[in-house]
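Work through the exercises below with the sequence and the 3D structure open beside you. Try each task before reading its solution.

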Amino acid sequence: MRLWKFALSAVLLTSASDAAVVTLGTSNQPFVLTGTGINASGSGTARMTLGSCTYDGTNTTCVLSGPYTGLGNGGVYKFTAVYPGNGPSPLSAITTPPSSDSFTLSVTAGSFAFTLTPTDGKETQFYDLSGFIRYGASATCSGVSTCGVGAVSQSQGGVITGVVTGQWDTTPVVNAVISASAFGSFSAISPATWIEIYGTNLATVFSQTWAGGDFNGNNAPSAIGGTTVTVAGKPGFIDYVSPHQVNVQVPSGIPTGKQTLVVTTLGGPSIGTSLTVNIAEPGLLAPAAFNFGKGQYVVALFSNLVTYALPPGVTNAVPTARAKPGDTIVLYGVGFGTVTPNIDAGIIVTQSNALNGIQFTIGGVPATVQFAGLAGGYLGLYQFNVVVPANLPANDATPITFTLNGAPALQTLVLPIGN
C-alpha cells in the first residue's frame, strides 16, 4: 500500500499518545492526484480530486466518503471540497523533499471540510486534520516511471488513482492558556477568573458564543457546541468556542498550586495542561486597542458609562475626555478573588457584594474607592468606582495602579488627568 500524509492549511500536528484516532474504511470512490511539476524550491506539487465531483453551473463539489471506526460507535466520514467553476481542483499538495510520500495540503480557493456522522448522532465537522491516507494496492499511475505520491508530484501530468483508507487524529490539542488577554494576559490563573485557551481541534463548530437559551436560570453553561473544559477536575463555564480558541470562567473552589486543564470534544479529551493557580491573579481591563503611544491606558468610564477617560482626539470610536480631580471613574477587572458574601463562578451576579483589601493610587496618591465588588448582571467581572484624588497635575500618562491585600498589580497602566 502507498502511504501519504497531509495537513490542512499547512498545519501538520503531532498525534498524542492517547489520541482519538478515526480509522477510515475503504472509500470505494477514486481519489486522483495529478502532478504539476517541481516548484522553485525543488518540491513536487500536485492537485487532487476527491471522490465523486459534480458541477451545478456555479460551483464544483467533490466528495470522498466511507465508513469510519475508532471514535464512539463509528459512522460515516466525508471529505468535501467546494470551489467555483468546473476547472481543476483547488486542493494543492507540496511534497518536501520531492521524493517524499508525505505532503502538505492547502486550499487555493473555495473550502475544504472533514465531517463525521456518528451512527447515533448528527454530522460534526472538524477543522484541523492530522493523519494519513493509504492508496490501495490496486492504485495505478500514469505519466511516471515510479508509482508514488512523490513521483507524481514531480511530473507534469503524472497521475495516481485509486481508492483510499487511512486514519485521522481528532484529539483537541491545547497550545497555550492565559488569563483574559484584555485583562493582563497572565500565565497563572485563579479560581473564578476568565481564561483563554488556544490550540487546535478545540471545537467542532466554526464559532459559537453562549446565548440566553444556554443558561439554566442564572447558571451559565458548562458546554457550548459540544466542547467542555475542566480545571482540577471541575467543569468550567464556557462563553465562546471555536476550533482554535475557547473562553472559559474557571470554576470556584479549585486548589492553588499546579492543576490540570482538559478540553474535551466529540474528538475526545486533550492531554492535560498544567497550570499555576493562585488565590487571585488580578488584572484591570486594558486591551491593546487602548495603547495610544503614551502608554497602555486602562479602560476608565465616567459615571455616565458613555465617556471614556482618554486624551481627546486619540480615537473617534468613542466619546473621550480627561479625568479631573474629584471625578469618579469606573474600572473593570477579573481575577480579584472572593467577595463578601461569596458568589461562586458560573452564576450571574444579582446580589450586593464587596471586595475587601483593594487600594488604588493615581499619580502615586491614594484614591478613594467608593465601590469594589462583582458587577451585577455579569459573571466574574469586578467593578471599581474610584475617585480621582485632588491636586494632581495635568498629565496624559498619569500612572494608575492598585494593591490587593498588599500585593502590587502586575500591569503598568496610565490615565489622562486634566484640570
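Predicted model: local features only at pLDDT ≥ 70, side-chain atom pairs only at ≥ 80, totals over all residues.

Residues are numbered from 1 along each chain as its sequence is written, and side-chain values use heavy atoms, with hydrogens and water left out.

**Exercise 1. Strand β8**

Identify the partners of β8, and decide whether the strand is enclosed or open.

Solution. 

- Step 1: β4 (residues 44-49) is joined to β8 by 5 bridges, in an antiparallel arrangement. Here Arg47 stands opposite Ser92 of β8.
- Step 2: β9 (residues 103-107) also pairs with β8 over 5 bridges in the antiparallel sense. Here Thr95 stands opposite Phe103 of β9.
- Step 3: Buried means under 20% relative accessible area, exposed means over 50%, and partly exposed lies in between (1.4 Å probe, protein chains only). In β8 (residues 91-95), 4 of the 5 residues are buried, so the strand is largely enclosed by the rest of the structure.

**Exercise 2. Disulfides**

Which cysteines are joined, and how accessible is each one?

Solution. 

- Step 1: A disulfide is a pair of cysteine sulfur atoms within 2.5 Å, and this rule gives 2 disulfides.
- Step 2: Cys53 is joined to Cys62, with an S to S distance of 2.0 Å. The link of Cys53 and Cys62 is right-handed, with 110° about the S-S bond. Cys53 counts as partly exposed because its relative accessibility is 35%, whereas Cys62, at 1%, counts as buried.
- Step 3: Cys141 and Cys147 form a disulfide with sulfur atoms 2.0 Å apart. Their link is right-handed, with 65° about the S-S bond. Cys141 is partly exposed at 26%, and Cys147 is partly exposed at 25%.
- Step 4: With the bonded cysteines numbered in sequence order, the pairing is 1-2, 3-4.

**Exercise 3. The largest pocket**

Describe the volume and the lining of the largest pocket.

Solution. On a 1 Å grid over the protein atoms alone, a pocket is an open set of points with protein on both sides within 12 Å along at least five of seven lines, and lining residues have an atom within 4 Å of a point. Grid points are joined across faces, edges and corners, and a volume is the space filled by probe spheres set on the points.

- Step 1: The volume is about 270 Å³.
- Step 2: The lining has 18 residues, and those nearest the centre are Ala280, Pro282, Phe336, Leu404 and Asn405. The elements giving two or more residues to this lining are β35 (395-404) and β36 (407-408).

Technical notes
Pairing = 2+ DSSP bridges. 1 Å grid on protein atoms, 1.4 Å probe; cavity = no way out; pocket = protein on both sides within 12 Å on 5 of 7 lines; lining within 4 Å.
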